[in-house]
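Look at the sequence and the model below. The report then starts with a question about strand pairing.

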Amino acid sequence: MVLLVYFSFSFELTNYHSPRLAMIRRNILRAACISRTQRLNQQSKTFATILDTHVSLGQQTSSHFLAKRGNGSLTQSNHIPFIKTDIPASRYHDLADETMEHLLTSLEEIVEAPDADESWEVDYSSGVLTLRLGEHGTYVINKQPPNKQIWLSSPTSGPKRFDYTESSPREKPEWFYSRDGKTLKTLMEEELATILGKPVHLDM
């Protein structure tokens with residue numbers, strides 16, 4: 001707007017060359033430059049404020065959903081009640097074998113119950129436990145020594161990998177899924193209870 005006034009005024013005074021008119025033209029031009037500079041500065045400040053806000057929100061979001069646990073892996077914060085415990089290979093085998101044997105005993109009681117389907121069966125060999133439940137599908141639970149984990153293949157929830165933790169109040173070995181914090185015991189009890197239509201307790 002200031003520039004428009006300047007050019008209009010300058011055109012009308014083209015034929016006049018007094019020092020006073022020259023000073024008026026300089027003042028108008030100076031005002032136009034100052035006005036443009038102020039607008040650019042304000043735009044820069046606004047952009048900087050928006051950028052800072054986005055960066056701050058990004059940092060808060062990352063901090064909220066990701067937390068570095070004791071083992072150095074990244075997991076969602078506020079959802080995982082357990083921390084992976086690093087153990088020697090020999091202790092892993094002892095703990096995993098204990099878990100598999102207790103689980104086998106509990107599953108044998110299920111398939112041998114009076115109301116169980118005759119096609120149901122369970123067996124354990126070479127670190128692999130297989131539970132066949134006919135039309136409900138087959139569970140496969142196996143040791144995974146290289147990762148010190150127990151792996152589960154479920155016909156209901158799919159594949160999962162469970163890490164050992166000593167942060168559980170239970171006396172028996174506890175294995176948890178790092179993505180949602182659910183334990184192997186809890187998951188198996190919930191899924192089997194849905195299949196059988198009654199509460200299930202696994203002594204593992």
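## A pair of partners

Which residue is the bridge partner of Ser154 in β7? The bridge partner is Gly158. Both residues belong to a predicted model, in which local features need pLDDT of at least 70, side-chain atom pairs count only at pLDDT 80 or more, and totals for chains, interfaces and linings use all residues. Residues are numbered from 1 along each chain as its sequence is written, and side-chain values use heavy atoms, with hydrogens and water left out.

## Strand β7 and its neighbours

Strand β6 (residues 149–154) runs antiparallel to β7, and 6 bridges join them. Two strands count as paired if DSSP finds at least two bridges between them. The link from β6 to β7 is a hairpin of 3 residues.

β7 also pairs with strand β8 (residues 174–177), again in the antiparallel sense, over 4 bridges. Here Tyr164 has Trp175 in β8 as its bridge partner.

Strand β7 (residues 158–165) is largely enclosed by the rest of the structure, because 6 of its 8 residues are buried. Buried means under 20% relative accessible area, with a 1.4 Å probe and protein chains only.

## The whole chain

The chain has 4 helices and 8 strands. These are DSSP runs numbered from the N terminus: helices are H or I with at least four residues, strands are E with at least two. Along the sequence their pattern is α-α-β-β-α-β-β-β-β-β-β-α.

Of the 204 residues in the chain, 34% count as buried. The accessible surface (Shrake-Rupley method, 1.4 Å probe) comes to about 13200 Å², and 54% of this belongs to carbon and sulfur atoms.

Definitions and conventions. Buried means under 20% relative accessible area, exposed over 50%, partly exposed in between (1.4 Å probe, protein chains only).
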